[in-house]
Amino acid sequence: MKKLFTLILLALLPLAASAQQQSIDQRVEELLGKMTIEDKIGQLNQMDGRRDLEKIKQEVRTGTLSSIMNIVDPAVTNELQRIAIEESPAGIPLLFARDVVHGFNTVLPIPLGQAASWDEELIEAASANTALEATERGIRWAFAPMMDIARDARWGRIAESFGEDTYMAGRLATAVVRGYQGESLANPTAMAACAKHFVGYGDAEGGRDYNTTSIPPRTLRDVYLPPFKACVDEGCASIMTSFNDNDGLPSTGNHWLLTELLREQWGFEGVVVSDWGSVAGLIPHGVAHDKRDAAHQCIEAGCDVDMSSRSYLLNLKDLIEKGEVEEAVLDEAVRRVLKLKMALGLFEQPYARTAEQSDIYSEPVLATACRLAEESVVMLKNEGKVLPLGESVKRVLVVGPMAHAPYDQMGTWALDGQKEHTITPIMALREQWGDKVAIDYVPCLTHPRDKSTAEFKRMTKAARKADVVVAFVGEEQMMSGEAHSLSSLDLQGVQGEMLEALAQTGTPLVTVFMAGRPLTISRQVEISDAVLYAWHPGTMGGKALANILFGVANPSGKLPVTFPRNVGQIPIYYNHKHTSHIAKGTEGNLDNIPRESPQSVMGHTSSYLDVAPTPLFPFGYGLSYTTFELSDIRIESTAVRPEESVKVSVVVSNTGEREGTEVVQLYTGRKTASVTQPMKELKDFQRITLRAGESRKVEFEVPVSRLAFHNRNMELAVEEGKYTLTIGTDSQTGLKTYFKIIK
Ligand code: BGC
C-alpha cells in the first residue's frame with residue numbers, strides 16, 4: 001500500500017512541477033503588468049555590495065537594484081531585504097549573489113583539484129555542503145561552476161576550471177549544478193548556479209587573462225560549448241557571459257551566442273548575466289561608442305542582467321522612449337529575473353535561512369572537504385615505494401614554504417575561507433603522527449617567492465638526520481586566479497635550489513606541490529623519490545595530505561590537464577588533432593643535432609628540436625599505492641547504429657597489496673572523417689575501488705550520439721565508419737578495440 005502510494009506520488013511529481021511553473025508564469029505576468037518601466041529596469045541592475053551601505057539602502061528603496069553581490073552578513077542582507085519588500089515601489093525581493101567557487105567558509109580544493117578526483121558524486125555532495133554554508137549567510141545565487149576549457153597553464157584562471165577536457169568539464173560542472181541547486185531551487189538551502197564564462201574565455205591568446213580568442217566555429221561547437229549545453233540540460237538557472245571577444249565579437253553583445261544558440265536552439269529559459277562590467281566592456285573592446293550604445297547592443301543580444309556597469313540603469317529608459325529598443329525586449333529580460341526569484345521562493349521566504357544547528361565548519365562538511373582533498377591529490381612518482389611512510393620511518397623532516405601556508409593553501413577565490421580554520425600539513429602531521437614519529441620542521445623559506453638561502457645549512461643538517469624529507473613547495477594563492485597569469489611556470493624564489501640541496505643529502509625526498517596550475521617541474525620530479533601534486537587543497541588540505549603520506553588514504557587522483565615539460569610546449573593537450581606530420585621521434589636534445597648536415601636528417605614531424613614531443617605527464621595520469629591491471633576488453637557488438645550504444649567491458653584487477661581506487665577511462669578516436677579529428681577523446685570514465693587481489697568486470701555503455709561532432713556541413717552528426725576504443729588508466733596507454741558505426 002505504502003509502495004503504491006509512493007508510486008502515485010512519484011507519477012504526480014512532474015505534474016506538480018509543471019503546475020508550479022504555470023503558477024510562477026502567471027504570477028510573473030501579473031506582477032510585470034503592474035510594474036513601471038523604472039521598476040523593470042531596476043530588475044536588470046546588479047551591483048556590488050562592498051560600498052557605502054547608506055547609498056545601497058537608498059538604491060534599494062528607489063527600486064534601482066535587483067541583485068547585490070558580496071554581502072555575507074545576514075543582519076545586513078536581511079535589513080536590505082526588508083527595505084526592498086516594504087519600502088521599494090514594486091516590493092520585489094533582492095537576490096544576493098557571490099562567487100561561491102570552491103566551497104564557502106569551508107574551502108574545497110580549487111576546481112582543477114576537484115577535477116583530479118574524477119568523482120562527480122563527491123563533488124556534488126561537497127557542493128551541496130557549500131550551498132548549506134552559503135545560504136546560511138543569505139547567498140542564493142552562486143557564480144559557479146566555471147567550465148572554461150583550459151589548455152594553457154599560464155592562464156591564472158585554469159585553477160578555477162575543470163581542466164582541458166570537454167566531456168569531463170561537462171560531467172563535473174553538472175555535478176556542481178546538482179549540488180548547488182538540489183532537488184528544487186525553492187528549498188532554502190539551494191542556490192541558483194551560474195555556468196560561466198560563456199564562451200571561450202579559457203582560450204585567451206598567450207594565456208593572458210581577458211585576451212582575445214580566435215576559436216573557429218567548429219572548435220567552438222565541439223570543444224568549448226558542450227559543457228554549457230550539459231549545464232543547460234541539467235537545469236542550470238543562469239549563465240554568465242565572458243569578457244573575451246571571439247572572432248571580433250565580445251560575448252556580452254553576441255546575439256548569435258546569447259539568443260540564437262542559447263535560447264532558440266538550446267531552449268535555455270534561465271537568466272543571462274554579464275560578467276563584471278562586461279556590458280560597458282564593449283567600449284574598450286571598441287565595438288560600442290558609449291554605455292548607451294553598449295546597453296543597446298547587449299540587451300538586444302540577450303544579456304538580461306547588467307553586472308555592475310549601470311549601463312542598463314542609465315540608458316534603457318531613453319532607448320525605449322526613443323523607440324530604439326522595444327519594451328517587449330525589456331519585459332522578456334525582466335520576466336526571466338522574476339521567474340528566478342520566484343523559483344527560489346524569495347517572494348515567500350526572502351530572508352537568510354536560520355539553521356537550528358549551523359552547517360558552517362560542521363564535522364560532516366569538513367569530513368567531505370577532507371575526502372575531496374584526498375581524492376584530488378595526484379601521485380606522480382613513487383620510486384622505491386618511499387610512500388606511504390611506513391614503520392621504518394622514525395624521524396621525518398618537514399620543510400618548505402607550503403608546509404604551513406594557511407592562506408595560500410586555500411587557493412584563488414576563497415572569499416569566505418578563513419585561514420584560522422585551515423589545517424596545514426605541518427599542523428596535521430604533528431597532530432596525527434607527532435606522538436609516533438619524530439617530526440622536525442624547518443620551513444627554510446617564508447613563502448614561495450622567498451630568495452633567502454640563509455636556512456639551507458640548518459635544513460640540510462636536519463635532513464641528514466631524518467629518515468625521510470617531505471618538502472612542501474608550490475605557488476601562492478596570488479599566483480593564479482583572475483588577472484593572475486604567468487609567463488614562466490617554474491618554481492619561484494629559491495624553492496628549486498632548496499630541493500637540489502635536499503636531494504644532495506641522500507635522504508629520500510618526497511616533494512609535495514601545492515599550486516593553482518600545472519607547474520613546469522621536470523627537474524624536481526627527477527631529483528625527488530616521490531612526488532604528490534595537491535593543487536591548492538583548501539581548508540582540509542593538510543589533513544588530507546597527512547593521511548596520504550602515512551597511507552591512511554591511498555592516492556587516486558588523475559591529472560585533469562596535461563603537464564608540459566616547459567612553457568614552450570603550451571598549448572599541449574591530449575586530444576590534439578591528427579596532423580599530416582604527427583609529432584614523434586625527436587628526443588629534444590640539441591646536443592645530438594649534427595652540424596652542417598642536410599635539414600632532412602631531423603625528419604619532418606611536428607615537433608620542437610629542443611624538447612621531446614611528449615608531455616611530462618599526460619592527461620589522466622596518476623599513481624596509487626597499489627597497482628592495477630586491465631585485461632579482457634570485450635565489445636558487445638562491433639557494428640552499432642547512431643541511435644544505439646557501444647557496450648564494452650574490461651576486467652580491472654587490483655594486483656597490489658592494498659585496497660585502492662582506479663579511474664578507468666574510455667577514449668574513442670577515428671582516423672578518417674569528413675573533417676580532421678582529435679587523435680582520441682574521453683567519452684566515459686568510472687572510479688572503481690577494489691580490494692587487494694580483487695578483479696571486477698567494469699561495463700561501459702556509451703551512447704553513439706556522444707560521438708557526434710560538427711561535420712563538414714557544420715551539422716552535429718554521427719559519422720559512419722571505423723572507430724578505435726581504448727580503455728586505460730591514463731590517456732596514453734590502455735587496451736584497444738574497434739567498432740564501426742553503420743547507418
Ligand atoms: C569574474 C567572474 C565573477 C565576477 C563577479 C568577474 O571579474 O570574471 O568570474 O563571477 O567577477 O565577481
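**Briefing: domains, a helix pair and a pocket**

The C-alpha centres of domain 1 and domain 2 lie 36 Å apart. Domain 1 covers 373-549 and domain 2 covers 628-741, with bounds from an automatic or database domain assignment. This is a predicted model: local features need pLDDT of at least 70, side-chain atom pairs count only at pLDDT 80 or more, and totals for chains, interfaces and linings use all residues. Residues are numbered from 1 along each chain as its sequence is written, and side-chain values use heavy atoms, without hydrogens and water.

**Helix 6 and helix 7**
- Helix 6 (residues 120-136) packs on helix 7 (residues 166-181) at about 35 degrees, with axes 7 Å apart.
- Helices here are DSSP runs (H or I, at least four residues), and strands are E runs of at least two.
- Axes are lines fitted to C-alpha atoms over the stretch in contact, and angles run from 0 to 180 degrees between N-to-C directions.
- Contacts (heavy atoms within 4.5 Å) involve, among others, Ile123 and Ala131 in helix 6 and Leu172 and Val176 in helix 7.
- This contact has seven nonpolar, three polar and four charged residues.

**Second largest pocket**
- Its volume is about 1,100 Å³, the space filled by probe spheres set on the points.
- A pocket is an open set of points on a 1 Å grid where a 1.4 Å probe fits, with protein on both sides within 12 Å along at least five of seven lines; lining residues have an atom within 4 Å of a point.
- Of its 42 lining residues, the closest to the centre are Tyr574, His576, Lys577, Ile582 and Met679.
- Strand 25 gives the largest share of the lining, four residues.

Notes
Ala, Val, Leu, Ile, Met, Phe, Trp, Tyr, Cys and Pro count as nonpolar, Asp, Glu, Lys and Arg as charged, and the others, Gly among them, as polar.
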